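Student: Hi! Could you walk me through the structure below?
Tutor: Happy to, ask away.

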Amino acid sequence: VQKHMVVIRGFYEWLYAEGKGENIAIGIKGVKTGSNFKRQALSVDQASRLIEHARSISDRGIVELRNYAIIGLMITTGLRTIEVSRADSQDIMFVNDAESLFVRGKGRDAKDEYVKLPEEIHQNIVAYQIARSDNKKPLFINHNRNCKNDRISPKTISTMVKEYLRDVGIDERIYTAHSLRHTVATVAMNEGATLYQTQQLLRH
């Protein structure tokens with residue numbers, strides 16, 4: 001019911017914005033939903049262990065080097081798996097004195113937002129691209145034999161992060177790739193960011 005209501009409200013908002021009719025869905029509330037499953041943010045210690053593990057095995061091969069770049073990117077910028085998957089090499093540009101990655105956000109048709117890349121994260125991505133030595137469009141690609149050089153999928157990213165979490169002893173259902181996004185928000189607020197600033201950070 002809740003998913004239907006979101007679509008209905010969005011449809012009538014669009015109708016009104018296009019001048020095609022009134023927004024008759026104003027004021028209609030969805031149903032309250034409850035769930036026993038909520039993704040949990042990592043603690044600072046858990047996040048540090050995850051990054052250090054990814055770094056420690058990054059010299060094993062191209063896949064591990066890619067994974068280290070992805071995990072670092074997600075845990076410092078709060079990008080979703082779909083946003084990492086959609087990223088292209090050409091989306092990295094210099095903006096306001098910093099290397100930045102333009103992002104096609106959730107529900108967006110264009111890459112009209114960007115996140116600033118910390119220097120170390122940018123260097124990790126550059127190291128991965130140099131090791132690839134190709135001119136493929138996607139920022140991150142698959143290196144499996146069956147789908148080599150294809151754009152990495154959100155599912156592959158999720159599976160990889162879950163595997164790395166297990167490697168450092170974090171093996172509960174509440175911890176997933178999306179936990180990295182929650183971690184960014186939690187750390188920001190713990191460091192004094194306001195709710196509005198945190199929403200801006202996550203591009204809500």
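Student: Which residues is Ser-179 in contact with, leaving aside its neighbours within four places in sequence?
Tutor: Those are Arg-39, Gln-40, Ala-41, Leu-42 and Ile-174, where contact means heavy atoms within 4.5 Å. Keep in mind that this is a predicted model: local features need pLDDT of at least 70, side-chain atom pairs count only at pLDDT 80 or more, and totals for chains, interfaces and linings use all residues. Residues are numbered from 1 along each chain as its sequence is written, and side-chain values use heavy atoms, with hydrogens and water left out.

Student: Is Ser-179 buried or exposed?
Tutor: Ser-179 counts as buried because its relative accessibility is 0%; buried means under 20% relative accessible area, with a 1.4 Å probe and protein chains only.

Student: And which helix is Ser-179 in?
Tutor: Ser-179 belongs to α7, residues 178-190. A helix here is a DSSP run of H or I with at least four residues, numbered from the N terminus.

Student: New topic: which residues lie nearest the centre of the largest pocket?
Tutor: Arg-80, His-178, Arg-181, His-182 and His-204 do, out of 13 lining residues. A pocket is an open set of points on a 1 Å grid over the protein atoms alone, where a 1.4 Å probe fits, with protein on both sides within 12 Å along at least five of seven lines; lining residues have an atom within 4 Å of a point.

Student: What gives the most to that lining?
Tutor: Helix α7 does, with five residues.

Student: What about the second largest pocket, which helices each supply at least two residues of its lining?
Tutor: They are α4 (81-86) and α7. Among the residues lining this second pocket are Arg-39, His-178 and Arg-181.

Terms used
Buried < 20%, exposed > 50% of the residue type's maximum accessible area, 1.4 Å probe, protein only.
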